[in-house]
Amino acid sequence: MATKIKRVGFGQVEPNQLSAQRNGQIYAQLPLDSSINILENGQFMKYDYVNKKVDLTGEGEFMLVYNEVKTYREEESYKDFAMIKSNYVGGEIYPRLFKTNVGDIYTTNCVGAANTDKNAVYAGIDLAVGDKLKVDSTGYLVKGTDDNMTWVVVQEYTMPDGQPAVKIQRIK
């Protein structure tokens, strides 16, 4: 049975088994492309070392955006966090990207498409155990397969704040 993965606020990531946490394949020295205004945890970007930026079009494979969540008010939670250009000095964002490998597992509600605000509601997509996911041209996981990277839904789940989510595993 499919679950509608909708969310209030920005995407969240709960690492279950991410190899980058152990093997050091974490990249965080390049700025985000200046044309991107909001970057959510759970999106995918490319570490474009040739052009010295993080973007959607560089060479190489997509990497998972997993930034340290910074919330400063007691009433804020993970859903309230995204890297927003206007919040950074000079508008320069330096995101943290995790290289993923076959077998990596994490829980997320950042599937389908972007959200624009911490209070906005993203209508969501229906996902069920066994559905295959790929990274689309906007950096979000959507239904489908890819020659380079494919994920599978292994469990319908929730995020710590109770929002619907999926646990996924990289299979290609």
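Two strands pair if DSSP finds at least two bridges between them. Helices (H or I, at least four residues) and strands (E, at least two) are themselves DSSP runs, numbered from the N terminus. The legends below describe a predicted model, in which local features need pLDDT of at least 70 and side-chain atom pairs count only at pLDDT 80 or more, while totals for chains, interfaces and linings use all residues. Residues are numbered from 1 along each chain as its sequence is written, and side-chain values use heavy atoms, with hydrogens and water left out.

**View 1**
Strand β5 covers residues 44-48. It pairs with β7 in the antiparallel sense over two bridges, and M45 has M63 as its bridge partner in β7. β5 and β6 also run antiparallel, joined by three bridges; here Y47 has V54 as its bridge partner. β5 and β6 form a hairpin with four residues between them, and K52 in the turn has a positive phi of about 55°.

**View 1. Burial of strand β5.**
Buried means under 20% relative accessible area, exposed means over 50%, and partly exposed lies in between (1.4 Å probe, protein chains only). Five of the five residues of β5 are buried, so the strand is largely enclosed by the rest of the structure. Both faces are covered: F44, K46 and D48 are buried on one side, and M45 and Y47 are buried on the other.

**View 2. The salt bridge between K53 and D33.**
A salt bridge is a side-chain nitrogen of Lys or Arg within 4 Å of a carboxyl oxygen of Asp or Glu. The whole structure holds five salt bridges. In one of them, the closest N and O atoms of K53 and D33 are 2.8 Å apart. This pair links distant parts of the chain, 20 residues apart: K53 belongs to strand β6 (residues 53-55), and D33 to the loop between β3 (26-27) and β4 (38-39). K53 counts as partly exposed because its relative accessibility is 26%. D33, at 15%, counts as buried.

K99 forms a salt bridge with E61, with 3.3 Å between the closest N and O atoms. The two are 38 residues apart, K99 in the loop between β9 (97-98) and β10 (105-108) and E61 in the loop between β6 and β7 (63-65). E61 also forms a salt bridge with R170, with the closest N and O atoms 3.2 Å apart. R170 lies in strand β15 (residues 164-170) and E61 in the loop between β6 and β7, so this second pair ties together parts that are 109 residues apart in sequence. Through shared partners, the salt bridges join E61, K99 and R170 into one network. K99 is buried at 18%, whereas E61 is partly exposed at 29%.

**View 3. The nonpolar cores.**
In soluble globular proteins, nonpolar side chains tend to be buried together. A nonpolar core is a set of buried Ala, Val, Leu, Ile, Met, Phe, Trp, Tyr and Cys residues joined through side-chain atoms within 4.5 Å. The largest one has 22 residues, of which F44, Y106, L127, L141, W151 and I168 touch the most other members. At least two residues each come from β11 (121-127), β12 (132-135), β14 (151-158) and β15. The largest share, three residues, is supplied by β11. A second, separate core of 13 residues includes L32, M45, F81 and L97.

**View 4. The surroundings of N115.**
N115 sits in the loop between β10 and β11. At 5% relative accessibility, this residue counts as buried. Its side chain reaches the backbone oxygen of G9 at 2.6 Å. Contact means heavy atoms within 4.5 Å.

**View 5. The surroundings of D131.**
D131 is found in the loop between β11 and β12 and is partly exposed, with a relative accessible area of 22%. A polar atom of its side chain lies 2.8 Å from the backbone nitrogen of A128. Leaving aside residues up to four places away in sequence, D131 touches D126, K143, W151, V152 and V153.

Conventions
A polar contact is a pair of N or O atoms within 3.5 Å; within protein, one must be able to donate a hydrogen and the other to accept it, and residues adjacent in sequence count only if both atoms are side-chain atoms.
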